[in-house]
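Morning, everyone. Let me put one chain on the screen and walk you through it.

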Amino acid sequence: PPPANVPVVGESGGAFTLGQQLFNVTSSQVNIRALPGYLSKPAGDVIGQVPPGAVVEIIGGRTFADGLTWWFIRYTAPDGAAIDGWIAEATASGVQILGQ
């Protein structure tokens, strides 16, 4: 589950649902963050990256930070390492990041 110090809106009611598998639909690497949000973050907040077209799974609810909707996801890297963290649904300019 997401860290206890992050307020979660819910596991449903947003664009995605718990257990859903989604793709990075951008043409860029997308940061996985330790905590939701992207403004004024400390060093080490980026804990991984998801390459274009790679799959993530929604494993926890959504929350809001820095004007964006964030989802708690799991990304399994090519080496088999699982990274659990937060990815925004879309960028601040409205570019979709996660999709089917």
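Surface first. The accessible surface of the protein chain is about 5200 Å², and carbon and sulfur atoms hold 54% of that. Keep in mind that this is a predicted model. The chain has 100 residues, and 42% of them count as buried.

Now the fold. The protein chain has seven strands and zero helices. Along the sequence, the pattern reads β-β-β-β-β-β-β. How about contact range? Take the contacts between residues at least 6 apart in sequence: 55% of them join residues at least 24 apart.

The largest pocket has a volume of about 260 Å³. Its lining counts 16 residues, and the closest to the centre are Val30, Asn31, Ala88, Thr91 and Ile97. Which strands each supply at least two residues of that lining? They are strand S2 (30-33), strand S5 (68-76) and strand S6 (82-88). S2 gives the most, with three residues.

Now two single residues. Start with Gly14. Gly14 sits in the segment before strand S1 (21-24). Buried or exposed, or in between? Gly14 has a relative accessible area of 33%. Buried needs under 20%, and exposed needs over 50%. So Gly14 is classed as partly exposed. What does Gly14 touch, leaving aside neighbours within four places in sequence? Arg62 and Trp71. There is also a C-alpha separation to note. Gly14 and Gly61 are 47 residues apart along the chain, and their C-alpha atoms are separated by 9.1 Å.

On to Gln20. Gln20 also lies in the segment before S1. Its relative accessible area is 15%. The cut-off for buried is under 20%, so Gln20 counts as buried. What does the side chain of Gln20 reach? The backbone nitrogen of Thr17, at 3.0 Å. Not counting residues up to four places away in sequence, Gln20 touches Ala15, Val56, Glu57, Ile58 and Gln100.

Gly14 is partly exposed, whereas Gln20 is buried. Gly14 has Arg62 and Trp71 as contacts beyond its sequence neighbours, while the contacts of Gln20 include Val56 and Gln100.

That's the tour. Over to you.

Conventions
Residues are numbered from 1 along each chain as its sequence is written. This is a predicted model: local features need pLDDT of at least 70, side-chain atom pairs count only at pLDDT 80 or more; totals for chains, interfaces and linings use all residues. Side-chain values use heavy atoms; hydrogens and water are left out. Helices (H or I, at least four residues) and strands (E, at least two) are DSSP runs, numbered from the N terminus. Buried means under 20% relative accessible area, exposed over 50%, partly exposed in between (1.4 Å probe, protein chains only). Contact means heavy atoms within 4.5 Å. Accessible areas come from the Shrake-Rupley method with a 1.4 Å probe; for residues, only the protein chains shown count as cover. On a 1 Å grid over the protein atoms alone, a cavity is a set of points where a 1.4 Å probe fits but cannot get out, and a pocket is an open set with protein on both sides within 12 Å along at least five of seven lines; lining residues have an atom within 4 Å of a point. Grid points are joined across faces, edges and corners, and a volume is the space filled by probe spheres set on the points. A polar contact is a pair of N or O atoms within 3.5 Å; within protein, one must be able to donate a hydrogen and the other to accept it, and residues adjacent in sequence count only if both atoms are side-chain atoms.
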